[in-house]
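Here is a short briefing on how the inside of one protein chain is put together. Have a look at the model, then work through the points below.

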Amino acid sequence: MSNRFVPRFAGLAFVVMILGVTMMTTPAFADDLRSEIAPTGKLRVAIAISAAGGAFWSNKTESGGFAGVPVDLAKEMAAQLGVLVEYVAYPNSGQITNAATKGDWDVTFLPQDPERETKMSFGPIYEVADATYIVKAGSPITDFATLDQTGVKVAAVNNTTTMRGAQAHLKNVKVTGYQTYDEIFNLLKNGEIDAFALSRDQLNAMAKKIPGTKVLDETFKKTVTAVAVPLNHPQSLAFVKKFMTDATTNGTLRKAYDNNGLKDAPIRTQ
């Protein structure tokens, strides 16, 4: 190529780049994004409801609304899109996963694992937590070796990454799944199960509510939580990736943690 054509070519490339950026910010592009990520006119955000707390679970408030880290993040996300937010509540993350292909929700925040990656697309991780077990009051179990014995009853929330992790970890124990955290909490409190598999921070909070229980020191799995959208939603995925990346630097994620009693929790990014 002759050198006299280089400046003209470079100038053309620059114009194309500028036009590309402009197209990404035009009302038409914004409408295309909203039609994909919020096809009903509202951003439907799937949340799991429980008293467990932490950066994944949400709670139902006395006024009938919802509170939690995902709730706060969803409000900000909907505001950026210029739409209202609608919360779609489930008793556990497994049911959120099962609904991923049904068109019942648009965005969610939940623990990520290979099985779920076949049903949804994930953005940046914002929480990394240790998974372990809490044992009932008066239990002789002191570690994983004494836990993994025939006849020991271990529970987990059904169809979750923690349950799958516990099933892979324990060789001599059948892990029984239950639909809700609250159901397992009551079983443990009443001594009807020997142990409950969950994230350490949530089990530490549980131990304060059930005197005599003990959270084991060992860890069997690192559970990572991230934003997600259904498969084959490329514009939605690009948007939520950027949203979460920005949220870690502009204070949005830190504010959501602080608003929900997680002032000391570290901010994690993928």
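This is a predicted model: local features need pLDDT of at least 70, side-chain atom pairs count only at pLDDT 80 or more; totals for chains, interfaces and linings use all residues.

Strands β7 and β9 pair in the parallel sense, with 2 bridges between them.

**Strand β7 and its neighbours**

- On its other pairing, β7 runs parallel to β8, and 4 bridges join the two.
- V157 is bridged to Y178 in β8.
- To get from β7 to β8, the chain passes through α6, and this β-α-β crossover is right-handed.
- Is β7 covered on one face or on both? Both faces are covered.
- V154 and A156 are buried on one side of β7, while A155 and V157 are buried on the other.

**Helix α6**

- Helix α6 spans residues 161-169.
- Its buried residues are T161, T162, M163, R164, G165 and A166.

**Nonpolar cores**

- In soluble globular proteins, nonpolar side chains tend to be buried together.
- The largest nonpolar core here has 33 residues, and W105, F196 and M206 touch the most other members.
- Several elements give two or more residues to this core: β1 (42-48), β4 (84-90), β6, β7, α7 (181-189), β9, α8 (200-209) and β11.
- Helix α7 gives the largest share, with 5 residues.
- What does W105 touch, beyond residues up to four places away in sequence? Its contacts are R44, A46, Y90, I96, A99, A100, M120, A228, V229 and P230.

**The cavity**

- Rolling a probe the size of a water molecule over the atoms shows where empty space is left.
- How many cavities of 30 Å³ or more does the structure hold? There is 1.
- The largest cavity contains about 170 Å³ of space.
- Its lining is made of 18 residues, and F56, W57, P111, S199 and Q202 lie nearest its centre.
- At least two lining residues come from each of β6, α6, β9, α8 and β11.

How values were computed:
Residues are numbered from 1 along each chain as its sequence is written. Side-chain values use heavy atoms; hydrogens and water are left out. Buried means under 20% relative accessible area, exposed over 50%, partly exposed in between (1.4 Å probe, protein chains only). Two strands pair if DSSP finds at least two bridges between them. A crossover is right-handed if, with the strands pointing away from the viewer, the path from the first strand over the helix to the second runs clockwise. A nonpolar core is a set of buried Ala, Val, Leu, Ile, Met, Phe, Trp, Tyr and Cys residues joined through side-chain atoms within 4.5 Å. Contact means heavy atoms within 4.5 Å. On a 1 Å grid over the protein atoms alone, a cavity is a set of points where a 1.4 Å probe fits but cannot get out, and a pocket is an open set with protein on both sides within 12 Å along at least five of seven lines; lining residues have an atom within 4 Å of a point. Grid points are joined across faces, edges and corners, and a volume is the space filled by probe spheres set on the points.
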